[in-house]
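Keep the sequence and the structure at hand while reading.

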Amino acid sequence: MGQTARTGPEAGALTEVVDGVYAWVQPDGTWWVNNAGAVTGEDGLLVVDTCATETRTRRFLGALAAATAGAPPRWAVNTHQHGDHTYGNSLLPDSTVLIGQTGMRAALDADPLFENPPPVWEPAPDWGGVTRRLPSVTFDRELTLHLGGRRVDLRHPGYAAHTVGDVVAWLPEERVLFTGDLLFHGLTPLLLMGSLDGALRSLDWVRSFAPDHVVPGHGPVVGGSGLDAVLAEHERYYRFVLDTAKRAVREGRTPLEAAYAADLGEFGAWADPERIVMNLHRARADLIGEPLDLDLALGDAVEWNGGPMPTSV
């Protein structure tokens, strides 16, 4: 089966997690192939994230309209600024109130990839007929939406993790948690624009919700009984990155040199293993207190990978 067959826009599917709460899962969760979702209520529909391209977002919104008798989205929230979760924002109705964390809005406003995607992915992403749309409502730590008898808590952990502006959407009565990219289920997490220390801290924070159903930013939906195993995988990977980065700093090796020498072990079977290079750049920058060189990190990932990363947008 080819890459496009596994990850193309037609592969996405809408699942009703609990009554009136939906997950849009796009296999196999690789570059630019995200999850999204929605929550219905008597007072309206909340959309959780959009997708990277016009085609993907229209498929998601079309499936959602079919499942909800065409209910227009009254609100939408972006879990973070990355384009796979935000570039489709402009396809929401003009009347939809778009919500995001304060730092997330600023980061999306400054995002250089929308107009000029670097030659890291091949073929070059074609976003289609979308324009940059920023949240019109922002918050710092928490905001609660009441959808007519259904409560949705939007929460920020209080520190950078996957990005500076990560938000989860939590339904306390239904015990459903949308984590955005704080969780990558079954594929390599990415920390390039966040913090390794914060990502580690966020695992206990996610666990503290004690959800029955978890919709990760990428990968299959997780049942409550399986969450501890997913969190443990993340912790092992993050500590592997941290230990590798510390050793490289002590020995004077670059992140690329450290990545070449690293044995990925159990993580080698995960999709997008080249993210080890980017994550080592992030860890090194945090350890030595210097700004991250984004262009160098992306270029090193291409070199380690032996060429650009494929993408099916």
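The model is predicted.

An open sheet is built from 7 strands, which follow one another in the order 1-2-3-4-5-6-8 with mixed pairing. Its edges are strand 1 (13-18) and strand 8 (137-139), each of which pairs on one side only. From one strand to the next, the twist averages 20 degrees.

Within this sheet, strand 2 (residues 21-25) pairs with strand 3 (residues 36-41) in the antiparallel sense, over 4 bridges. Opposite Y22 stands A38 in strand 3.

Two helices pack on the sheet. Helix 2 (residues 54-67) touches strand 1, strand 2, strand 3 and strand 4 (44-48), and its direction makes about 150 degrees with that of strand 2. Helix 4 (residues 102-110) touches strand 6 (97-101) and strand 8, and its direction makes about 100 degrees with that of strand 6.

Strand 10 and strand 11 (residues 168-171) run antiparallel and are joined by 3 bridges. The bridge partner of R155 in strand 11 is V168.

**Two pairs of helices**

How do helix 5 and helix 6 lie relative to each other, roughly parallel or roughly antiparallel? Their axes come within 10 Å and cross at roughly 165 degrees. The two helices are therefore roughly antiparallel to each other, since an angle over 145 degrees counts as such. Their crossing is left-handed. On the helix 5 side the contact includes L196, A199 and L200, and on the helix 6 side it includes D228, L231 and H234. By class, this contact has 9 nonpolar, 1 polar and 4 charged residues.

Helix 8 (residues 275-288) and helix 9 (residues 294-305) pack at an angle of about 150 degrees, with their axes 8 Å apart. That angle makes helix 8 roughly antiparallel to helix 9. The crossing of helix 8 and helix 9 is right-handed. Helix 8 contributes I276, V277, M278 and H281 to the contact, while helix 9 contributes L296, A297, L298, D300, A301 and W304. By class, the contact has 8 nonpolar, 1 polar and 1 charged residues.

The table sets out the two pairs.

| Helix pair | Crossing angle | Axes | Handedness |
|---|---|---|---|
| Helix 5 and helix 6 | roughly 165 degrees | within 10 Å | left-handed |
| Helix 8 and helix 9 | about 150 degrees | 8 Å apart | right-handed |

**A residue in a loop**

L147 lies in the loop between strand 9 (142-146) and strand 10 (151-155). Is L147 buried or exposed? L147 counts as buried because its relative accessibility is 0%. Setting aside neighbours within four places in sequence, the residues in contact with L147 include V39, T40 and G41, as well as L46, W75 and V152. L147 and R275 are 128 residues apart in sequence, and 38 Å apart in space from C-alpha to C-alpha.

Technical notes:
Residues are numbered from 1 along each chain as its sequence is written. This is a predicted model: local features need pLDDT of at least 70, side-chain atom pairs count only at pLDDT 80 or more; totals for chains, interfaces and linings use all residues. Side-chain values use heavy atoms; hydrogens and water are left out. Axes are lines fitted to C-alpha atoms, for helices over the stretch in contact, and angles run from 0 to 180 degrees between N-to-C directions. Angles under 35 degrees count as roughly parallel, over 145 as roughly antiparallel, 65 to 115 as roughly perpendicular and the rest as oblique. A crossing is left-handed if the near helix is turned anticlockwise from the far one by less than a right angle, and right-handed if clockwise. Contact means heavy atoms within 4.5 Å. Ala, Val, Leu, Ile, Met, Phe, Trp, Tyr, Cys and Pro count as nonpolar, Asp, Glu, Lys and Arg as charged, and the others, Gly among them, as polar. Two strands pair if DSSP finds at least two bridges between them. Buried means under 20% relative accessible area, exposed over 50%, partly exposed in between (1.4 Å probe, protein chains only).
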